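Please keep the sequence and the structure at hand while reading.

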Amino acid sequence: MAYYVKNKYSSRRRRTSGQKIIFGVLIVCIVLALIIAYGLYSALFKPNVWTKGENIVYINIPTGSNFEDLKNMMYERGLIVNRKTFEWLARQRKLDKHVIPGRYPLTNQMSNLELIRMLSGGHQVPVQLVFNNMRSKEQLASRISQQIEADSATLIRLMNDNEFLRKYNLNSDNVFVLFIPNTYEFWWNTSAESFMDRMYREHKIFWDSIRFEKARNLGLSITEVVTLASIIEQETNKNDEKSRMAGVYLNRLKLGWPLQADPTLKYVIGDWSIKRVMGIHKEIDSPYNTYKYKGLPPGPICIPSIASIDAVLNAEKNNYLFFCAREDMSGYHYFTASHEQHRKNAEKYRQALNKLGVY
């Protein structure tokens with residue numbers, strides 16, 4: 001009987017000890033599970049992007065970039081707080097295998113999951129591309145390459161490549177006809193070729209049946225309209241007198257007179273800062289010298305604004321043959337049909353330039 005009781009108590013102690021071990025193991029497992037769960041939570045949801053006080057920071061991922069390039073781009077700017085959790089989750093989501101180029105917005109305290117979902121899904125934001133007041137291919141190419149990935153050297157090469165431009169029915173002399181100054185939505189990783197193709201589509205949209213019919217009624221091609229508009233663009237920034245000025249130039253064209261447009265000489269010289277065109281400038285032998293050659297030059301001397309293009313299409317019907325800048329330097333012009341009156345206006349302007357020391 002005593003032996004049975006002893007065995008009974010011994011068995012109870014063993015069961016109690018076993019239960020304690022199981023309970024202890026269970027506690028350890030729970031703790032480990034909580035640690036793992038917290039680590040997983042941290043890797044997924046804990047804020048891991050620091051934008052240094054800015055609400056949004058943009059990163060531009062170039063075409064052909066790999067995961068190392070992406071990491072270096074963000075790490076060098078100090079955008080990632082915990083690199084280990086970012087890289088772990090990136091591998092789980094296969095971001096390390098495939099990086100999609102583009103422009104991406106990183107917001108302060110963005111989690112790894114938010115960041116990697118955006119990057120691996122290619123959820124980039126578009127760029128609002130703007131260009132205006134462009135006077136040269138180099139200037140345009142530089143402006144575009146500052147806003148999208150397209151390389152400026154490639155853009156210049158395409159604008160000078162007659163074989164490439166043939167598909168737009170243009171050439172290197174009149175390529176500016178392709179571009180309509182405006183604000184356009186682009187993906188940042190747009191190539192130079194894609195940019196040019198997009199501009200051609202926008203060009204076709206702009207030159208709708210209404211504008212095309214107006215050009216036809218003037219007896220001008222689209223290229224001729226834009227070329228004349230480019231001259232007016234450089235003559236005045238006063239939109240309210242552009243249609244009147246267009247009327248003057250159209251009158252000269254109909255009469256077979258030289259346009260005698262000073263901006264074309266500035267274009268030939270390559271110096272837009274010239275305040276006073278001199279006789280020596282008028283002797284330059286160039287098809288763009290509208291003092292020496294009649295008619296319109298081979299192509300636009302700049303990219304004209306929509307206002308200037310529409311001013312030509314809606315040119316004022318008048319009998320003016322001359323215009324001259326006013327001596328008050330307001331930017332406005334005198335218009336006249338009389339050469340004698342024009343001569344007087346020009347003399348007043350010359351005297352004003354002399355007083356300003358512009359020779």
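## The largest pocket

How much space lies in the largest pocket? In this predicted model, the space in the largest pocket comes to about 1400 Å³. Its lining is made up of 44 residues, and those that lie nearest the centre of the pocket are Glu235, Asp262, Lys275, Ala325 and Tyr349.

Several elements give two or more residues to this lining, namely α10 (222–235), α11 (242–255), α12 (262–269), β5 (322–325) and α14 (339–355). Of these, α14 gives the most, with six residues. Sorted by class, the lining of the largest pocket has 21 nonpolar, 11 polar and 12 charged residues.

The crossing in which α10 passes α13 is right-handed. On the α10 side the contact involves Val225, Leu228, Ala229, Ile232 and Glu233, which meet Ser308, Ile309, Val312 and Leu313 in α13. By class, the residues of this contact divide into seven nonpolar, one polar and one charged.

Helix α13 also packs with helix α9 (residues 209–218), here at an angle of about 50° and with the axes 9 Å apart. Because of that angle, α9 counts as oblique to α13. Arg211, Lys214, Ala215 and Leu218 in α9 meet Ile306, Asp310, Val312 and Leu313 in α13, and the contact of α9 with α13 has five nonpolar, no polar and three charged residues.

## The pairing of α5 and α6

Another helix pair is formed by α5 (residues 137–145) and α6 (residues 152–159), which pack at an angle of about 140° with their axes 8 Å apart. Why is α5 described as oblique to α6? The reason is the angle of about 140°, since roughly antiparallel would require an angle over 145 degrees, and so α5 is oblique to α6.

As α5 passes α6, the crossing is right-handed. The residues of α5 that take part are Lys137, Glu138, Leu140, Ala141, Ser142, Ile144 and Ser145, and they meet Ser152, Leu155, Ile156 and Met159 in α6. By class, six residues of the contact of α5 with α6 are nonpolar, three are polar and two are charged.

Methods
Residues are numbered from 1 along each chain as its sequence is written. This is a predicted model: local features need pLDDT of at least 70, side-chain atom pairs count only at pLDDT 80 or more; totals for chains, interfaces and linings use all residues. Side-chain values use heavy atoms; hydrogens and water are left out. Axes are lines fitted to C-alpha atoms, for helices over the stretch in contact, and angles run from 0 to 180 degrees between N-to-C directions. Helices (H or I, at least four residues) and strands (E, at least two) are DSSP runs, numbered from the N terminus. Angles under 35 degrees count as roughly parallel, over 145 as roughly antiparallel, 65 to 115 as roughly perpendicular and the rest as oblique. A crossing is left-handed if the near helix is turned anticlockwise from the far one by less than a right angle, and right-handed if clockwise. Contact means heavy atoms within 4.5 Å. Ala, Val, Leu, Ile, Met, Phe, Trp, Tyr, Cys and Pro count as nonpolar, Asp, Glu, Lys and Arg as charged, and the others, Gly among them, as polar. On a 1 Å grid over the protein atoms alone, a cavity is a set of points where a 1.4 Å probe fits but cannot get out, and a pocket is an open set with protein on both sides within 12 Å along at least five of seven lines; lining residues have an atom within 4 Å of a point. Grid points are joined across faces, edges and corners, and a volume is the space filled by probe spheres set on the points.
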